[in-house]
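This briefing concerns the structure shown below.

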Amino acid sequence: RPHIAYQGDNLFIEACSVGDLARTHGTPLFAYSQASMADALQAYRSGFSGRKLHVCYAMKANSSLALLQFFARQGCGFDIVSGGELARVLAAGGDPSKVIFSGVGKTRPEMLQALEAGILCFNVESEAELEVLSEVASHSGHTARVSIRVNPNVDPKTHPYISTGLKGNKFGIAHERTLAAYRRAVQLPGLHVSGIDFHIGSQITDSRPFADAVDRLLDLVEQIEADGIAIEHLDFGGGLGIDYAGDTPPAADVLWQELLAKLDARGFGDRQFIIEPGRSLVGNAGLCVTEVLYLKPGEEKNFCIVDAAMNDLPRPAMYQAFHAIVPVHRSAAETSTYDVVGPVCESGDWLGRDRELAVQPGDRLAVLSAGAYCMSMASNYNTRGRAAEVLVDGAEAHLIRVRETPQDMMRAERLLTD
Ligand code: LLP
């Protein structure tokens with residue numbers, strides 16, 4: 001994480017002291033490095049240099065408006081999975097003609113909303129969805145550009161909850177059904193076949209599953225085109241992992257140079273390509289600063305109780321995920337082993353287990369790799385307002401989300417009137 005590092009004993013994100021950010025904005029606080037996001041995007045672009053590439057940021061990873069605005073300004077499109085996400089793209093100044101719409105459960109109103117906005121493509125996930133999309137498009141006088149999401153049945157070797165390209169997963173159309181689905185798509189009114197896509201899972205740290213999925217995709221494209229159906233773009237999904245705890249995912253540029261060699265060898269190198277990265281663009285750009293409230297030594301465990309919790313950082317509770325936790329100000333004091341836990345009333349509310357820390361109440365800790373799937377999965381459980389967020393650019397920190405108040409949380413609710 002070149003943009004998140006100690007200067008002396010103080011943790012900095014770019015040229016901003018994390019301690020100062022916490023004093024100014026309070027905790028828990030998410031801070032993101034703009035330079036890290038730019039570097040991560042550049043790694044994909046250099047891997048694809050000289051090719052026709054369209055990067056659609058998978059905004060489910062972090063859909064805060066200012067981050068979307070940043071990616072829109074970099075020329076990115078977006079991979080959306082709901083009408084709500086489309087509304088965010090528009091609010092952030094994103095270009096709807098660069099939006100692709102994924103997800104197994106698109107509703108008719110969401111399809112119509114996306115057609116009216118003029119999105120680039122629907123990534124269709126079932127034969128039933130194809131029929132409904134055709135109906136919605138033709139009844140409203142639109143043409144929906146479609147790509148069919150193939151389930152290539154490869155094992156990405158990641159956490160079962162985030163693997164998506166296996167037969168037993170709910171995503172995509174089975175490899176064996178794909179050709180039939182394309183044949184049907186070209187017959188249906190209101191549809192224009194434009195591409196093909198896959199997404200095999202998330203936090204993948206090995207290049208093999210990507211290579212296998214690309215091979216299978218190309219086999220299918222050959223079959224479909226032999227049938228007279230043109231495939232204009234190839235969409236390889238997202239899924240490239242990041243380093244949480246000594247994980248060693250391939251670098252985006254290295255991975256793609258390798259995969260493009262395969263595409264070249266099979267004569268597909270000059271197609272329009274789309275990728276849908278999420279985590280790898282924002283994950284290691286972010287951290288969450290939290291304050292130590294209490295230390296609670298015990299016979300079996302020592303607890304370090306902090307002011308961030310599973311509602312802010314749900315990944316440990318949901319996936320037993322590991323996030324590094326480091327002091328905002330390093331000290332030479334003796335360490336003890338702690339479970340770092342939040343104030344939420346559940347034993348599952350932990351952020352890190354068995355961590356060696358030298359801490360006192362009032363000290364601040366930074367939970368690292370917190371840019372992806374943290375704020376976007378945050379909840380109001382225990383009526384805890386969602387954290388504030390800052391976007392750091394050099395020595396400047398822009399407040400991009402104010403801390404949520406109890407009034408914000410109750411705004412949509414109504415008391416009984418009688
Ligand atoms: N495209 C599609 C169709 C997806 O389903 C996903 C993620 C992505 C792209 C982006 O994948 P990425 O590049 O971020 O791996 N909440 C989980 C991750 C869920 C990922 C769901 N799909 C976590 O915190 O690990």
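Domain bounds here come from an automatic or database domain assignment. On that basis, the shell around the ligand draws at least three residues from each of domain 1 (4–32 + 283–410) and domain 2 (103–275). The model is predicted: local features need pLDDT of at least 70, side-chain atom pairs count only at pLDDT 80 or more, and totals for chains, interfaces and linings use all residues. Numbering starts from 1 along each chain as its sequence is written.

**Confidence**
- The protein has a mean pLDDT of 96 (the predictor's confidence in each residue, from 0 to 100), and 99% of its residues reach 70 or more.
- Confidence is lowest in strand β10 (residues 173–174), with a mean of 92, and highest in β4, at 99; helices (H or I, at least four residues) and strands (E, at least two) are DSSP runs, numbered from the N terminus.
- For the complex, the predictor gives an ipTM of 0.99 and a pTM of 0.97.

**Domains**
- The protein is divided into domain 1 and domain 2, and their centres, taken over C-alpha atoms, are separated by 36 Å.
- The contact between them takes seven residues from domain 1 and six residues from domain 2, where two residues are in contact if their C-beta atoms, placed from the backbone, lie within 7 Å.
- On the side of domain 1 that touches domain 2 there are three nonpolar, four polar and no charged residues. Ala, Val, Leu, Ile, Met, Phe, Trp, Tyr, Cys and Pro count as nonpolar, Asp, Glu, Lys and Arg as charged, and the others, Gly among them, as polar.

**Ligand shell**
- The ligand is surrounded by 20 residues, the closest being A58, S202, G238, G278 and Y373; a residue is near a molecule or strand if its C-beta atom, placed from the backbone, lies within 6 Å of it.
- By class, the shell comprises six nonpolar, ten polar and four charged residues.

**Helix α3**
- In α3 (residues 65–73), the buried residues include L67, L68, F70 and F71. A residue is buried if 20 or more other C-beta atoms lie within 10 Å of its own, exposed if 12 or fewer, and partly exposed in between, with C-beta atoms placed from the backbone.
- These residues lie on the same side of α3 because they cover an arc of only 155 degrees around the axis; the arc is that of the directions from the helix axis to the C-beta atoms.
- Their cover includes β4 (29–33), α2 (34–47), β5 (52–58), α4 (83–91) and α10.
- G75, which follows α3, has a positive phi near 90 degrees.

**Helix α5**
- In α5 (residues 108–117), E110, M111, A114 and L115 are buried. They fall within an arc of 135 degrees seen down the axis, so they line one face of the helix.
- P109 and E116 are exposed on the face turned away from the buried side of α5.
- The buried residues of α5 are covered by elements including α4, β7 (99–101), α6 (127–139) and β9 (144–151).

**Backbone features in loops**
- T27 and P28 are joined by a cis peptide bond, with omega about -5 degrees; P28 is found in the loop between α1 (18–25) and β4.
- S369, a residue other than glycine, has a positive phi near 55 degrees. S369 is in the loop between β19 (364–367) and β20 (388–393) and is buried, with 27 other C-beta atoms within 10 Å.
- N382, also other than glycine, has a positive phi near 65 degrees. N382 is in the loop between β19 and β20 and is partly exposed, with 14 other C-beta atoms within 10 Å.
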